[in-house]
Amino acid sequence: MENVIVRPAGPGELAAVAGLRWQWILENDGAAPAAVDRDAFVRHFVTWAEENASSHRCMVLVDGDVSGGLGIIGMAWLAVVHRVPTPHALHRASGDLQCVYVVPEARDAGLGGRLIAETLARARDLGLERVTVHSSPRAIPAYARQGFENPPRLLQAHVTRAVPYH
């Protein structure tokens, strides 16, 4: 995998990114979701990504060695949240690293680390104060190698909603 690069996803690549998200669900749940078929999901995902492009930036791992041209083999999303101004900083934002995924056949080669590092570089370029991530147990070491730590003041509350968010 010598010809793998990390870069922002292009508009024409969002369907392939949606396919990665679908693949991730199959891998973790063992079956296709019952709520929606793959084609409907891809259409919804692409529309969602286009509508949320200002707050959710997608980075992709692209393998130039895939037969037939470039292949997207990984993704990471940086969700940017604007924060309340202070007298010290009128414009503030933080980020949340979401949906980091590398296809199984490309794992354990350092590509996930490259994807995380490039996404963090993007966050620095945007001037974000911090980036958080909700990790699977398997990925914690990869995030720790990129500087993520468990700060004592960052707390979360699990909130259950009765009606799906729209």
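User: Happy to start with aromatic pairs. How are they defined, and how many aromatic pairs are there by this rule?

Analyst: Rings of Phe, Tyr and Trp (for Trp, its six-membered ring) pair if their centres lie within 6.5 Å; planes under 30 degrees apart are called stacked, over 60 edge-to-face, and the rest tilted. By this rule the count is 7 aromatic pairs. Take Phe 41 and Phe 45: their ring centres are 5.6 Å apart and their planes stand at 55°, so this pair is tilted. A word on the ground rules: this is a predicted model, in which local features need pLDDT of at least 70 and side-chain atom pairs count only at pLDDT 80 or more, while totals for chains, interfaces and linings use all residues. Residues are numbered from 1 along each chain as its sequence is written, and side-chain values use heavy atoms, with hydrogens and water left out.

User: Where do Phe 41 and Phe 45 sit in the chain?

Analyst: Helices (H or I, at least four residues) and strands (E, at least two) are DSSP runs, numbered from the N terminus. Both Phe 41 and Phe 45 belong to helix H2 (residues 38-51), and being 4 residues apart they are separated by about one helical turn.

User: Are Phe 41 and Phe 45 buried or exposed?

Analyst: Buried means under 20% relative accessible area, exposed over 50%, and partly exposed in between (1.4 Å probe, protein chains only). Phe 41 is buried at 19%, and Phe 45 is buried at 9%. Together with Trp 22, Trp 48 and Trp 77, they form one aromatic cluster.

User: What sits over the ring of Trp 24?

Analyst: A charge sits over a ring if NZ of Lys or CZ of Arg is within 6 Å of the ring centre and within 35 degrees of the ring normal. Here the charged end of Arg 21 lies over the ring of Trp 24, 4.5 Å from its centre.

User: Let's step back to the whole chain. Which order do its elements follow?

Analyst: There are 4 helices and 5 strands, and from the N terminus on they run β-α-α-β-β-β-α-β-α. Buried residues make up 33% of the 166 residues.

User: Which residues touch the most other members of the largest nonpolar core?

Analyst: The general idea is that in soluble globular proteins, nonpolar side chains tend to be buried together. A nonpolar core is a set of buried Ala, Val, Leu, Ile, Met, Phe, Trp, Tyr and Cys residues joined through side-chain atoms within 4.5 Å. The largest one has 41 residues, and Val 17, Leu 61, Trp 77, Leu 97, Leu 115, Ile 116 and Val 131 touch the most other members. Strand E3 (71-83) is among the elements that supply at least two residues each; E3 gives the most, with 7 residues.

User: What does Leu 97 touch?

Analyst: Contact means heavy atoms within 4.5 Å. Leu 97 is found in strand E4 and is buried, with a relative accessible area of 3%. Not counting residues up to four places away in sequence, Leu 97 touches residues including Trp 77, Ile 116, Val 131, Tyr 143 and Phe 148.

User: And for contrast, how does Ile 25 count by accessibility?

Analyst: Ile 25, in helix H1, counts as partly exposed at 24% relative accessibility. Leaving aside its neighbours within four places in sequence, Ile 25 is in contact with Gly 30, Ala 31 and Pro 33.
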